Amino acid sequence: MAITDKIYLKNHRQIVSQLDTNIPKRVFSGATLEILYSGEGLSKVDDATRDRLLDFAQDFLDCENSDDIYTGYPERKFIEYLLELRAQGLGPDAIVDVMSDDYMVYAYPGDVLSFLDNSVRTLESVEALADVEGDKEMQDEARRAKKDLVGPR
């Protein structure tokens, strides 16, 4: 299961109550995206919630082709966001705190840790394959990315 399947809407009950309709708790669910980010959905929530949802929409849903919303574009952008937070030296708990403050979404720190660990393992595999293929440039790039994720020891 991808990390984006484990990103949840903070204050879900309150938002459902304001919308007067039921939506999934998962942020990247098609139904949640459709209802929350339609003009009608945004007009029903309080100002503070609307501001955060608009920030989320601007940062992750603003793509050149509107069909890209359903092709994984938002999920890829969100994964980049998580990796950037880790590259800044934040641990799983701090990453959850930042995403909650920034966008009113949350994940469990254990899920974030698992995602980061899987990312490191993937980069190790890329590095090893690049070594076998003799692709020094890719090997160095994977090594640098892995170092950013692992951080100082």
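The crossing of H5 and H6 is right-handed; a crossing has this hand if the near helix is turned clockwise from the far one by less than a right angle, and is left-handed if anticlockwise. The model is a predicted one, in which local features need pLDDT of at least 70 and side-chain atom pairs count only at pLDDT 80 or more, while totals for chains, interfaces and linings use all residues. Residues are numbered from 1 along each chain as its sequence is written, and side-chain values use heavy atoms, with hydrogens and water left out.

Two packed helices are described by the angle between their axes and the distance between the axes. Helices here are DSSP runs (H or I, at least four residues), numbered from the N terminus. Axes are lines fitted to C-alpha atoms over the stretch in contact, and angles run from 0 to 180 degrees between N-to-C directions. H5 and helix H6 (residues 92-103) pack at an angle of about 130°, with their axes 10 Å apart. The two helices are therefore oblique to each other, since angles under 35 degrees count as roughly parallel, over 145 as roughly antiparallel, 65 to 115 as roughly perpendicular and the rest as oblique. On the H5 side, Phe78, Tyr81, Leu82, Leu85 and Arg86 meet Ile95, Val98, Met99, Asp102 and Tyr103 of H6, where contact means heavy atoms within 4.5 Å. The residues of this contact divide into 8 nonpolar, no polar and 2 charged. In this division Ala, Val, Leu, Ile, Met, Phe, Trp, Tyr, Cys and Pro count as nonpolar, Asp, Glu, Lys and Arg as charged, and the others, Gly among them, as polar.

Phe78 and Tyr81 of H5 and Tyr103 of H6 also belong to a cluster of rings, in which ring pairs link Phe28, Phe56, Phe60, Phe78, Tyr81 and Tyr103. Rings of Phe, Tyr and Trp (its six-membered ring) pair if their centres lie within 6.5 Å; planes under 30 degrees apart count as stacked, over 60 as edge-to-face and the rest as tilted. By this rule the count comes to 13 aromatic pairs. One of them joins phenylalanine 28 and phenylalanine 78, whose ring centres are 5.4 Å apart and whose planes stand at 65°, so the pair is edge-to-face. This pair links distant parts of the chain, 50 residues apart: phenylalanine 28 lies in the loop between helix H1 (12-19) and helix H2 (30-36), and phenylalanine 78 in helix H5 (residues 73-87). Phenylalanine 28 is buried at a relative accessible area of 8%, and phenylalanine 78 is buried at 0%; buried means under 20%, exposed over 50%, and partly exposed in between (1.4 Å probe, protein chains only).

Phenylalanine 56 and phenylalanine 60 form a tilted pair, with 5.0 Å from centre to centre and 50° between the planes. They are 4 residues apart in helix H4 (residues 47-61), separated by about one helical turn. Phenylalanine 56 is buried, with a relative accessible area of 0%, and phenylalanine 60 counts as buried at 3%.

Valine 112 is placed in helix H7 and counts as buried at 1% relative accessibility. Not counting residues up to four places away in sequence, valine 112 touches Ile3, Pro92, Ile95, Val96, Met99 and Ala107.

Helix H7 (residues 109-133) also packs with helix H8 (residues 136-150), at an angle of about 160° and with the axes 8 Å apart. That makes H7 roughly antiparallel to H8. The crossing of H7 and H8 is left-handed.
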